[in-house]
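Subject: Structure handover

Hello,

Here is the structure we spoke about. Please open it first, then read on for what was found.

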Amino acid sequence: MSYPEVRPRRLRRTAAMRRLVSETRVDPAELILPMFVKEGLTGPRAITSLPGVLQHSRDSLRKAAVEAVQAGVGGIMLFGIPEQRDPSGSGGADPDGILNVAIRDVIAEVGDATVVMSDLCLDEFTSHGHCGLLTPDGDVDNDATLAAYAEMAIAQAEAGVHVVGPSGMMDGQVGVVRRALDAAGHQDVTVLAYAAKYASAFFGPFREAVESALEGDRRTYQQDPANLRESLREVALDVAEGADMVMVKPALPYLDVLSAVRDAVDVPVAAYQVSGEYAMVEAAAANGWIDRERSILETLTSIRRAGAQIILTYWAVEAARLLRERY
């Protein structure tokens, strides 16, 4: 009787066997939870386009940070939403600005029990919604913006943050931030560089979450989705300037970029599963078109398989629970 001599299906017969031979596993400690805190809120507020994600008050943020620690996630990434904005984004460097206050709140609540990260960018704080300062003709002024980033980095470090995440895609941002932190005595603060951040359509729900004032787009400083080699150049520059970790953003549409970056550097590589990626799965699951929990784990596994050692995801706390049940 004829039969196949090689039978790979033997290794798929049971759940126990599949677990035993699994090549890629996601650990809760590799997940980072992005969190939004809005100045002036007295309680958490739902974000319409991100079901299950909240704008937090200071009090609810502290409670959610504790929940994340108890779930075993690796860290949290904080984004601040001020009540008032101005052209220079001055609230970002203000010690009493919402993001710096939130950093102090979370550090006071959880200390070193998790890694506390903060977004280092002006877009949430500027009245025009761009990631940098503008010239009189409306262009983003790269070098003037770098000086603002340096001030913001010091303010976040003095608030106690463990990791700053320069995300504006300004040329030279990592080197300027690193030098500023070192000169101010914050040599131990880690820099997670948003090294390959694309001008993506998948950021839409995030802009609702931070109540973005952006008009136009960010294509003059975020990367063209068509380019991969450019990402490797950006990553190499950031590592040379002192980045401790690098990140690719978004994740799922750029798994090839993520894989190439992983092969190119010897520092930890992160990926941000952005708001649009989250919202698509939630919308399809709400319509009964896909299995929600399986989709969550499958997307995270694909990002891990492509080379991300660290994954920022709005599902971090829920995924940590699902992963414990699975393994």
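A pocket here is an open set of grid points with protein on both sides within 12 Å along at least five of seven lines, and its lining residues have an atom within 4 Å of a point. Please keep in mind that this is a predicted model.

**Pockets**

By that definition, 17 residues line the second largest pocket. L33, G52, V53, Y314 and V317 lie nearest its centre. The volume of the second largest pocket is about 300 Å³. Four elements each supply at least two lining residues: β1 (31-38), β3 (54-56), α2 (58-71) and α11 (316-326). Of the elements, β1 gives the most, with four residues. The lining of this second largest pocket has 12 nonpolar, two polar and three charged residues.

The largest pocket has a volume of about 450 Å³. Its lining is made of 14 residues, and R18, R19, S22, E23 and R326 lie nearest the centre. Two or more lining residues come from each of α1 (15-20) and α10 (292-306). The largest share, three residues, is from α1. By class, the lining of the largest pocket holds six charged, five nonpolar and three polar residues.

**Aromatic rings**

Y314 turns up again here. The count of aromatic pairs comes to eight. In one of them, F36 and Y314 have ring centres 6.1 Å apart and planes at 20°. Planes under 30 degrees apart count as stacked, so this pair is stacked. The two residues are 278 apart in the chain: F36 sits in strand β1, and Y314 in the loop between β10 (310-312) and α11. Are these two residues buried or exposed? F36 has a relative accessible area of 0%, so F36 is buried. Y314 has 8% relative accessibility, so Y314 counts as buried too.

Y278 and W315 form another aromatic pair, and this one is tilted. Their centres are 4.7 Å apart, with 35° between the planes. Y278 lies in helix α9 (residues 275-286), while W315 lies in the loop between β10 and α11, 37 residues apart. Y278 counts as buried at 3% relative accessibility. W315 is buried as well, at 1%.

Ring pairs join these residues into a cluster: F36, F79, F206, Y272, Y278, Y314 and W315.

F203 is worth a look for its charged neighbours. K249 lies over the face of F203, at 5.3 Å from the ring centre. K197 also lies over the face of F203, at 6.0 Å from the ring centre.

**Salt bridges**

How many salt bridges does the structure hold? There are 17. One of them joins the side chains of E318 and R292, at 2.6 Å from N to O. E318 is in helix α11 and R292 in helix α10, 26 residues apart. R292 counts as partly exposed, at 25% relative accessibility.

R321 and E293 form another salt bridge, at 4.0 Å from N to O. This pair also links α11 and α10: R321 is in α11 and E293 in α10, 28 residues apart. R321 is partly exposed at 33% relative accessibility, and E293 is partly exposed at 37%.

E318 and R321 meet in a salt bridge of their own, at 3.8 Å from N to O. Both lie in helix α11, three residues apart, about one turn of the helix.

Which residues make up the network of salt bridges? E282, R292, E293, E318, R321 and E325 are linked in it.

Best wishes

Definitions and conventions: Residues numbered from 1 in each chain as written. Predicted model: local features only at pLDDT ≥ 70, side-chain atom pairs only at ≥ 80, totals over all residues. Heavy atoms only, no water. 1 Å grid on protein atoms, 1.4 Å probe; cavity = no way out; pocket = protein on both sides within 12 Å on 5 of 7 lines; lining within 4 Å. Points joined across faces, edges and corners; volume = space filled by probe spheres on them. Nonpolar A, V, L, I, M, F, W, Y, C, P; charged D, E, K, R; others polar. Phe/Tyr/Trp six-rings, centres within 6.5 Å; stacked < 30°, edge-to-face > 60°. Buried < 20%, exposed > 50% of the residue type's maximum accessible area, 1.4 Å probe, protein only. Lys NZ or Arg CZ within 6 Å of the ring centre and 35° of its normal.
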